[in-house]
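Subject: Structure handover

Hello,

I am passing this structure on to you. Please open it alongside this email and follow the notes as you read.

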Amino acid sequence: MLNTAGLSLDQAPPIRVPFSFFLAAPFFVFLAGALLLWQGESALLTRWSPSALALTHLIALGFLTQVMLGALFQMLPVLIGARVPGANWIAPLVQGCLILGTLALAVGLQWGGAVWLSLGGGALAIGLAAFMGAAGIALVHGRGALRTLQAMRLALFGLLMTLLLGVWLVAGLVGVPVDGLTAWVDLHLGWALLGWVGMLILGVGYQVVPMFHVTPAYPAWLARPAAWVILSGLLLATAATLMGWGGLAVWGFGSAVGVLAVFALVTLDRQRQRERPRIDVTLLYWWSAMLSALLAAVVWLSGGRAELVGVLVLIGVGLGLPSGMLFKIMPFLSWFHLQHRQVAARRFDVRLPHMQAFIPERWARVQFGLHLSALLALTLATTWPETVWLTPLGALMMMSAAALLSWLQLGCYRRHLQIGRRFLTSCAR
């Protein structure tokens, strides 16, 4: 049984709003895998290669941000009781700009061209600004759990900083003079991974880990200061970058990385104490993502290869955690929306299936196995670049995992529609 205490379930948007984001996301992983298969050697040789930059944005924007935005359109009303204003028309605008911007930016980074870079940067700026405006209004009126609300507000600020720095870097690529470009890239990356993604994982984790796996709540000594320490570290890194003090910026990033490493350790400990003994695929994904985050922190703090850190963060956490959450969130939303219709129509003659019936656990575990194989192959490929067959193997595993994820998602949505039609038939009698 899920622990749904504290959820506000009566303001959720139509299921098509989050599902449109979820269903589109695996396509970008497939594209990233195809690019890796084609340009794998250069993509993993250095993080500054055009292929590495294009690959990073296909995953970070096309998959990770796509899933996160879709989830937030749903989670903001459910977790903090505040509806996103105009979600029905803002969501398609945001998603259209996100898809167009990601594809154009990837083309511009891979092959160059001011037109593609400008189109990508412009579309992403419009789409993300529209989302931040709507989500910001919801967060101002939110009345949910304090720590979750706090982390989500700061995550939105992290997204704003990421966007501003990204637009600044695109301007630099199309000809505007930008001094110290590499330091600005590091800052953009820091705000994206630590300020936006990391902060949101904190906020969502405080709610969904105890709810999905029936664990003790996160301790106050972590939840109270964590988001503020990350923010302080990133602000310090920003000030140091502006002043040209690269050494001080590293200390700012280091404090934020340290907090997220502690969060990963505490998460693993909370899940060890769970009351629900069953090990489902979402739990497996949480374990692999938290271990990847810890390993990435160790490699970064010890001065290891940036490409290895990138694989652990992007594939291990950026692909892994959202994939695992989709296996829980999509069946839950399908069941929840159908149950809402059942109660509203008072048609209890149509039986609702268990949540596990929407996505078969056996196939979800196969998908996890493909993901884990891709992560392992690409981790080894960045550790021993001379072993040339590892990168294409990892790319094929990644594409297979994306294809299977997409198939399972479509099956879940098809099941939801089938039962919805039964309600219509029942009501027509």
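Below are the findings, taken one region after another.

Keep in mind that this is a predicted model.

Helix pair H11 and H12
Start with helix H11, residues 306-345, and helix H12, residues 361-383. Their axes lie 9 Å apart, at an angle of about 175°. Angles over 145 degrees count as roughly antiparallel, so H11 and H12 are roughly antiparallel to each other. On the H11 side, the contact includes Leu308, Val311, Leu312, Ile315 and Phe327. By class, the contact has nine nonpolar, seven polar and one charged residues.

Arg365
Arg365 also belongs to helix H12. Its relative accessible area is 36%, so Arg365 is partly exposed. Beyond its neighbours within four places in sequence, Arg365 contacts Ile279, Asp280, Val281 and Leu284. Leu284 is 81 residues away from Arg365 in sequence, yet the C-alpha atoms are 8.9 Å apart.

Aromatic rings
The whole structure holds 16 aromatic pairs. One of them joins Tyr285 and Phe368. The ring centres are 4.8 Å apart and the planes stand at 80°, so this pair is edge-to-face. Tyr285 is in helix H10 (residues 281-301) and Phe368 is in helix H12, 83 residues apart. Tyr285 is buried at 0% relative accessibility. Phe368 is buried too, at 10%.

Elsewhere, ring pairs link Phe19, Phe22 and Tyr413 into a cluster. Finally, look at Lys328: it lies over the face of Phe212, 5.8 Å from the ring centre.

Best wishes

Terms used: Residues are numbered from 1 along each chain as its sequence is written. This is a predicted model: local features need pLDDT of at least 70, side-chain atom pairs count only at pLDDT 80 or more; totals for chains, interfaces and linings use all residues. Side-chain values use heavy atoms; hydrogens and water are left out. Axes are lines fitted to C-alpha atoms, for helices over the stretch in contact, and angles run from 0 to 180 degrees between N-to-C directions. Helices (H or I, at least four residues) and strands (E, at least two) are DSSP runs, numbered from the N terminus. Angles under 35 degrees count as roughly parallel, over 145 as roughly antiparallel, 65 to 115 as roughly perpendicular and the rest as oblique. Contact means heavy atoms within 4.5 Å. Ala, Val, Leu, Ile, Met, Phe, Trp, Tyr, Cys and Pro count as nonpolar, Asp, Glu, Lys and Arg as charged, and the others, Gly among them, as polar. Buried means under 20% relative accessible area, exposed over 50%, partly exposed in between (1.4 Å probe, protein chains only). Rings of Phe, Tyr and Trp (its six-membered ring) pair if their centres lie within 6.5 Å; planes under 30 degrees apart count as stacked, over 60 as edge-to-face and the rest as tilted. A charge sits over a ring if NZ of Lys or CZ of Arg is within 6 Å of the ring centre and within 35 degrees of the ring normal.
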